[in-house]
Structures are given as C-alpha cells and as structure tokens.
Amino acid sequence: MATLQYILKRLFLMIPTFFLVMIIIFVLVRFLPGDPAIAIAGDRASDADLEAIRERLGLNEPMLVQFWLFVTNTIQGDLGSSILMRAPVTEVIFNRLPTTAFLTLYAVGLSLLIAGPLAFVAALNRGRWPDVLIRTVFQVGLSMPVFYIGLILLTFLAAQLRWFPVGGYGDTFGARLYHLFLPSVAVALYTSAIIMRNLRSAIIEVLDAEYVQFARAKGLPNRLILGRHVLRNALISTVTLLGLSIGNLMSGTLVTETVFAVPGVGRLMLEAIFARDYPLIQGLTLTFAVLVSVVFLLTDLFQSTLDPRMRLT
Amino acid sequence: MKRHLLLATAIISTAIAAPAFSQERGGVLNFARYDGSNLIDPIYADRNPDIWMVGSLFDTLLRPSADGNSVVAGLAEDHSVSDDGKTVSLTLRDGVTFADGTPLTGEDVVFSLDRAREPDQSPWSGLLGSIESVSAEGNAITINLNNPDPTILSMLATFTTGIVSKAVFDAAEGATDQEKSAAIFASGGPGVGSGPFYLCGFEQGTSMKFCANENYWRDGADGKPLPYLEGVNFQIIPDDATRILKLQSGEVDVAEFIPFSRVPELDADPAINMNLFPSTRIIYSPINTRETRADGSPNPLADVRVRQAVNYATNKDALIGLVLQGAGKPMTSPLMAAATPLSTNPGPLYGYDMEKAQALIAEAGLEQGTEITFTTLAGSADDSTIFAALQQMWAPLGINLVVEQVDGPTRGAKNRSGEFDIHTYGWVNDVNDPGQVVGWLGYTPTANAVGTGWDNAEFNALYEASQTEIDPEKRAQQYADMQAIYAEAAPLLFMYETPFAVAVSASVDGYVQTPLGNNIFEEATVSR
Amino acid sequence: MSDISLSESEATKPQKTRLQIALRKPGFLIGVAIIGFSSLLAIAPGLFAPYDPNFIDYNAVRQPPSWAHPFGTDMLGRDSLSRVISAYTVNMQMALLATIFALIIGVTVGALVGYYRGVADMIFGRFVDAIITFPFLVLVIAVVAVLGPGLINMYIAITMVGWVYYARLMRAEVIAQMGNDYSAAGVVMGYSDRRIIFRHLLPNAITPVIVYWMTDMALAILLGSSLGYLGLGAQPPQAEWGVLIAEGRNFITTAWWLSLMPGVAIVLTGLGFSLMGDGLADLLRPRG
C-alpha cells in the first residue's frame, strides 16, 4: 500500500518536472540561430517564401501563444507535425523508438554479461595482475570515442572479415541481434567499463567492511559472504548506476546511430536539430524525459526493495 | 586512368557485339545515399536529395541532350517556338501512359504546368514566370508567353515541369495541393508519374525503393522498354566512412558523395569503379561587401582592392590539391561552372599572385593584423582544411583570419542578415541555363547577390535585359559583360569546381549522375 | 559494531598511513605520473613539440611515420606529433574546467539538500529531474549553438548540465550516510549541523563523488572530443584529440597513424585519471 502511494506521489511529482522540461526545450530551440523556414525552403528561398512558411507553421504567433498551444496539444497527446518528416511527431517517434530501445537494452545486457564476472575477478585479486589487466582493458574501451571505435569495428569485423553487416537493423529478432551487435558492442565498451569500475569498488567496499572482516574472522566461507553481502550491495549499486546513466546511454546513441547507420531516435534527434524541426525536437525531448523518469522511478523502487535504508519518501 | 580504359573497352565491346547483343536485364541496384528524400514531387522538391530523384519518377516534355547544351524530344515528340518567341507548340507522343498504364493526356500536361507556375504553391514558379497560359487540344500542347523567354525550352526539360497525373491528384486526400502531394507520396504506387520508375517503398530518413515502370515509353538497346533494372533500393548512410565500408563489403553497389580524400584509394580497388562525374558544382565564398559590418564597425572587405587581394593571395591549385586530391579545377567563370551554357572562359580567374595581392593591400591601406572572420560549416573536414590553408595563405597580407564554425541553418541565417565577413558556400545548377545561378550570385533583388550586399546597377540592368533576350548572340554578350563586371568586383572568393565522386561496384554499368546532379538509373545494369 | 567513539585524533591519524599505503601502490603512482606528465605537456607543449603544430607544408602531405616526423604528417602536411602534443593544452583544460565548477556546485547543493531535505529538497528535486531527464548531448549541443561554438561556451554548457550528476550522487550518499550509526550519534550528541555535514557526512560521502570526478574528467575529454567532431568544440587550427581523430578516421586503412596517435593520447589520459581515481578511493575510503 505504501509502495502504491509512493508511486502515485512520484508520478504526481513528474508533472512539474515535465513542465520544466517543456519550458527549457521550448525556449532553447527558439534561441537557436536560423529557423525552420530556412531549413524547409533552403538558403535560396525569398524572404516572402520564408514569411509564408513561418505563417503556416504558426511561428509568427506570440511566444506565449505558441507555448500555450504546445502545452495544451501535448496534454491531448498531440506533439504536432514534424517539419522535416512531414508526418505527426508521435508517429515518427514510435517508428524509431523501438530500434533505439533495443540497441540500449542489448548494450546493457552485453555489458552486464562482460562486466559482472570480470568485476568479481578484479575485486578478489585487487592490486594483482588480473585486476590491473582487466581495469586497463576496460579503461581503453571507455576512452575510445564511439566515432572512432565504431569505425574500427566496422572496418575490420564487418567490411574486411565480413562477420557482421555494415549498418542496418534487420526485421526479425534474430536479425536484429545480428545487425545491432557491433553498435551494441560500441555502446557496451562505455557501459561495461563504468559498470565494472563501480561494481569492483562496491565489492571491495563490502569486503573491507568490518562486519565482513568479522564474518571472515569467524570462519564463514567466502562463498557465503559473497552471496549474502557482496552480491546484494553490488546489485544495488549497479542498478543505481544504470538507472542514473540511462539518460547518458540513450543520448550516447546519437553518435553511435549515425556511425552505424541505425535508424533510431538518436540520429533522428541530430537531424531534427540540424533542420531546426521545432516540433520534432520538442517531441523527442519530452519522450526522452518520460522514458528517463520512468526508469528512475523503477530504479528507486528496486533500490528500496533491496535496501531498507533507502526509504520511500 | 582505369575508368577511361573501362569506358573505352565498353564502347568497343558494344560495337563488336552489336548484332547478337544480349542486354543485361533484371536485378535490383542497392544504392547508399548521403541524405534522404522528403517529398519527391516536381514542385515541392526543394533540397538536392529530392530534386535529383524527380526525374526517375516523373518525365518531362523535353529532355536535356547528351552534351547538356540543348534539348531533345521527351514526352513531347516534337516542339517549335514561334518567330516572335511568344508561343511554344509541342506534340505529345502517342500512347504514353503513367506507370500504372493509364494514358497521359494533354489535360495532365496543363494541370502539371499550371501547378508548377502557381506562385502560392511552387517555390520554383519564378522560373516559369514568363508563361501566360497553357492549353491542350488532343496531343497538341500550346504554351503562350507574356514575353519571349530564352530559357523556356530548358525549363521544359527541368524537374519542376515533370508531368503528374491530374486524376491521381484529384482523387488524393488533402485540403491543399501540398497535402495531396504528401499523401500520394506517402502511399507510393505507380499512378502519379510516367518516369522510368515509380516509388514502391519509403521509410522516412532510412530507406526508399524504386520499382521499374513496365509501361515506360523509351526503349533500351535491345528494343525492349527501359529501364533494365527491376528496381533500386536506397539506404541512407550519412557517415562518409560507413557509406564507403558498405560498398567495400558488397552490401551496396553504389556509394555517392565520396570524400575526395578517399578517391585515390578507391580508384586503386579493382572491385570498384571510382567515377568522377562532371558537374556544375562550384565552391566559393561570399564576401560581405557592405560598408559596415552588422555590428556597425567598418568593413575592410568593402574595399574592392582587398577583395581582389585575397583572391590573388589564394593559391587555388594548392587548395585543390589539399581538399580535392587534385580532382577539381579552379573556377574560370566568376558566375558559373565552366560547363554551364554561356560561360566565358578567360583562363585562370585571379591566378595566384602574391606580389599583386600585397600591392593591392598596400594601395588599399589595410592595417596590419586586421581581423577577418571566416565562417565555416561545423563538422565539415573540407571547410576546416580550407580555413587552415587560407589562414596561412593570407597571413602575408597582414590579415589575421579567425574561424567561426556554425551549422547549416545558422550559416543560412547569417547569409541573410549579413552577419558575416566571408563564409563557405557551394552551388549546383538546377536548370541547364545560366539565368538561375547568375540571378543568385549577382542580381541584387534575388538575394542581395548571395548575401554579399553587392549592388551594381549596370549588372542588374544587364541581367534584367537578358531574361527576355531571345537573340542568342545578344544574350551571350550580356552574359559575357556580366561575367567581366563580376570578376572585377570580386564579391566572392572564387575557388573551384568539383566533380561528383561516386564509387560504383564493378558489377554495375550505366549509372550516371548528370552535371545538374540528377541520378539516372534507367540505363543502369547490374550483373550478379 | 557500535563504534561511535569518533574522537578527532582517531579520525585524522590513520589518514597518514593510508596515504603511505596508497603511495606504495604502483597503480596509483602510475596514474599520478601519467596525469603529472600530461599536465606538464599541457602547460608547456612548446618544450616537447618538434615543430610548429599549425605549420602547413603542401609538399609533405600525409607522410607515414619517419625519423623527421615520428607520427607522420596530416592532410595539410602538419607534423602529427606536434599536433598531438599541442592538443594536450586544450584537452587537459577540458578535463579540469568542464568538471571542476560542476563538482563544487554539485557537492555543495547535494550535501545541503540531502541533509535538510524538506521543501528545498522537493523544489531542488524537480529541477534536478528536469535537467537529468533532459537528453544531455542535446542540451549541450543546443546551448553551444545558442552561445556560439568555442571552448568557453562549451565549458559553460557542460557545467550547466554536469553539476546535477554530482548533486544527485552527493545527495544520495549523504542520505545513506545519515542512516549510519555515527551520524545518528552526532545528532544525539548535539553537534551542530555544520559540524555534522562537514566533519562527518562530507568526508564519508565524498569518496564516490571524487571517484566519479576522475571518471568525469576522462569523460569530459571524450565529450569535448565528440563536440569537436561535430565542429562545436575546439576551433581550427587548434589541434584537439577528437578533431584529430575525426580528421584521421577517413584514413584508417591508408594512414592509420593519423587517428591512432590521438587515440592513444585519449586512452592514456583516461587511464591516468582512472588509476588516480582508484588510488584516491583507497585513500579516502571511510572506515566503518
């Protein structure tokens, strides 16, 4: 019951958050130099043409009127019509979102698979060579810009060895796993590195904690200590970290999707910005905010279930 | 070298095999594009990725000749212009149909041309401003003009006069013509155009499919209708390096817009034909010629001698070497690519001459260390290279060149408002006539002479006169005069012409990109 | 278990030994050495760069590594080694300036709202949520586009967004620490808020923040590089690793050295920050 109440309260608190997001993005796009009319009609269009386009798009209305329309339409589920795509923003986003979501989850899955076991190995061998090796390798991955590592992966694994396709995203689930493997690896290089780091220090922290030392001194087997204390602690910190970085992860797809020619919302956002597609930028930002908020909520719920200190308030 | 050799081999083998020639047919061509189409419609196509595809879906009454300097029969099998230059008569080919088999009639022609010249809906209507009325009687089409128009025949061979089906537009959903067009495009299908292909698949920003029009009127080398291909699949891959990898891995057959730095490497690959198609693309930089800058400070570039000096101090050959790996040539006409009709060809324009440049600077009394801002496109490797080279080249003039990187819309806004000193720019002709590009670059009322604020009464008068001059010699003289005036005044940093670099798999033959940029697939073949 | 006798002497004395332990760890030392040397390169690139990094030589374009040019030359004939070295100034500056203000603001705000909670926390929470749920890169790209491209504007943009991450982390840590026995004890013993926050909560809660800071500095270099790749960060002809990689990535198969060397520089610096971060984590880890 308390949980339900908490969820309702959090959902209620999202309203002012979204309102703030809407204000920020609305103001920000209108401060961008250049306007959608030029993006639509091209540099060669006459001033009269541009004026006509602005009129048609409603950009000549006073700012407050435009903002009022944005808010009221959004509440009714209407995000307007994309200038670039000439289609309703909601439709455009729903077409592209699954691809990005798939890519992100795929990358997180891969990261956990890689980073989880290795973090344990590193932590248990703290300071010795396996630890140093693992951390160095992950650090190298973390420090590689996606637009560089992506191209290296494509050049060698896709174009030369032909193990994977260059870009695209497949139709079936299996085909997607295959097509999106390299982009996921590129994203996972970053994610797995931060997960590994975080997990490693969480494990070490627990191992060093006095109660664990005490348990060890009492002769409790390592396995039991790991299972009881370390795993829970590690899980909490990893989920928190993933939840926290979901925003980073998703906006990181912006460059990844461009390099790997994956038609997701990240690439769409970049295109929308460069086309000054106000409705699409606004719609994407809001969608993003909703997604991230929901993930945060789930993270907190998960955290509170595992860690009673994190009271739900 | 290799490409010329291949071409020669192709011609020889065609000649030898002529009698028992079996034409390669079938197959789907996979094409990697740098950017996607939004709406392929003769009048709403406003960006190059749209414009360059219109011809594949919509035929025009006339077609550009192979050399690009005149027109030949298209949907109209013959055409004539009256002696007073005010009436164009055309005869529609018998039995031509739209891709779905419905007949293409004079009514469709009238509808299409009326739609294209309606200022409220077509951004290109200005190009057809001379038309007073269009009428049809059976197969006879008559176009009456308000005044003689030297460009009218070229215009009838240009994408914006592509013929659309009136019936399909009448039946389409939507309140306005544009909404109807968008609805027709979104649903795809063969009814609306009579080009060699029709749209049979479209995913915004991702992919697009063309299918062969089985009712196309032109025949191929084997006497059967074109096109040879079953269709073309387009994928949009904005990243240059990824697009090339896609070709190298064999996932696509054609990759367009190859960065020139990659050309030598791809040229050396036996599995790839590296094409450099001649184009009308020019790369230049508008110079703000206004007396004061937008912030009110005096503008050193208002002095024509300073503008001439920076032109002389720019080593175009070095730039071409650095940016294009030699695959380009310096501009020779100040107003257009050399391949444009009526371009004069006086040899190198502002050939590199540092002494002259320094003398001009001294004469103009330019202060040493004068700061000039060069606005470039953010993320463009070419622009960064150009800036770095110019910075060094102009240093001996006492010019301290600083960079300002902006994105496309910002650059467009700056060009309009005049808030720049010099910025990079480029142009490709849309029409096979110099009128459009000269109007853009030099005629003040169009767009402040490409934003430079340059305003020359003599030039503007010449341009206005040339717009209605149908005597070819007089018109040529007007254009020669305009080019001389413009070169002298130097409102631009004149740079170079570049070809279209398209890498094509060795299994593909006959794909062409025209000097106007149009992608031509109708005679392309692919052997699997 | 209830070791609440946190006398001043005990809280400070073991620090020294921990420092000694940390200094004996090769990882930490290597990290400090890398960052130290990187900082030296950043402060005085002229001492190490063999050529003027911006000098263009049309006749020596894209030359492979040689004795004269150990890292080869780029597409303008500029010496790659000199460019990679001169980029240290910009990239190290990025690491520091793009994060330090975010750290200071974030830690202060996070600690205060975490400790006091209540209405301020609520209002702060909405504000943080709004920024944190905003697509990071989009905000940065948009702010840079509005303010104009360039490093200073880039730092402003990154700080405007980045502080929130520190604040959120700090707040969560403070709340977690407050659940611990010793802070409860502090309250019971009637210590002032300031003393509890600064003496007990902050030192204990700041460890993850410092570790995150080290990562964040490496990430700031990466983010700055991405913006450089998009043309929104360092302006040419100034060399910057991201720009150098972007310039070289077209030649990955033909002139691999162009992108590899700046890549190595990024990786090494990132490694340095990371090793230092781990060392600091050991150094600052609170005793249970």
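# A tour of chains A, B and C

Begin by selecting chain B: a compact globule of 528 residues would have a radius of gyration near 24 Å, and chain B, with 24 Å, agrees with that expectation. Keep in mind throughout that what you have open is a predicted model.

Two places in the loops of chain B deserve a stop. Select B:Leu226 and B:Pro227 first, and look at the peptide bond between them, which is cis, with omega near -10°; B:Pro227 sits in the loop between strand S9 (207-212) and strand S10 (231-236) of chain B. Then move to B:Tyr350, which is not a glycine and yet has a positive phi of about 50°. The loop that holds B:Tyr350 runs between strand S13 (329-330) and helix H11 (354-364) of chain B.

Next, show chain A beside chain B. Here 28 residues of chain B are in contact with 33 residues of chain A. On the chain B side, the elements that contribute two or more residues are helix H7 (240-248) and helix H13 (408-417), and the largest share, six residues, is supplied by H13(B). If you colour this side of chain B by residue class, you will find eleven nonpolar, eleven polar and six charged residues.

The UniProt record, an unreviewed entry, carries the annotation "transmembrane region" for residues 12-32, 103-124, 136-157, 177-196, 234-260 and 280-302 of chain A. Select two of these spans in turn. Residues 177-196 of chain A are 95% helix and 0% strand, and the C-alpha atoms at their ends lie 23 Å apart. Residues 280-302 of chain A are 100% helix and 0% strand, with end C-alpha atoms 33 Å apart.

Bring in chain C, keeping chain A on display. This contact takes 41 residues from chain C and 43 residues from chain A. The elements that give two or more residues to the chain C side are helix H5 (118-132), helix H6 (136-147), H9, H10 and helix H11 (257-284) of chain C, and the largest share, eight residues, comes from H11(C). By class, this side of chain C is made up of 24 nonpolar, 13 polar and four charged residues.

To see the contact itself, show the side chains of C:Gly224, C:Ser225, C:Ser226, C:Gly228 and C:Tyr229 on H9(C), together with C:Trp241, C:Gly242, C:Val243, C:Ile245 and C:Ala246 on H10(C). These residues divide into five nonpolar, five polar and no charged.

Finally, follow the chain through the loop between H9 and H10 of chain C, where C:Pro237 is placed. Selecting C:Pro236 along with C:Pro237 lets you inspect the cis peptide bond that joins them, with omega about 5°.

Terms used
Residues numbered from 1 in each chain as written. Chains lettered and ligands numbered in written order. Predicted model: local features only at pLDDT ≥ 70, side-chain atom pairs only at ≥ 80, totals over all residues. Contact = placed C-beta atoms within 7 Å. Helix = DSSP H or I, 4+ residues; strand = E, 2+ residues; numbered from the N terminus. Nonpolar A, V, L, I, M, F, W, Y, C, P; charged D, E, K, R; others polar. UniProt positions renumbered as here; feature names shortened; annotations may be inferred. Rg over C-alpha atoms; globule rule 2.2 N^0.38 Å.
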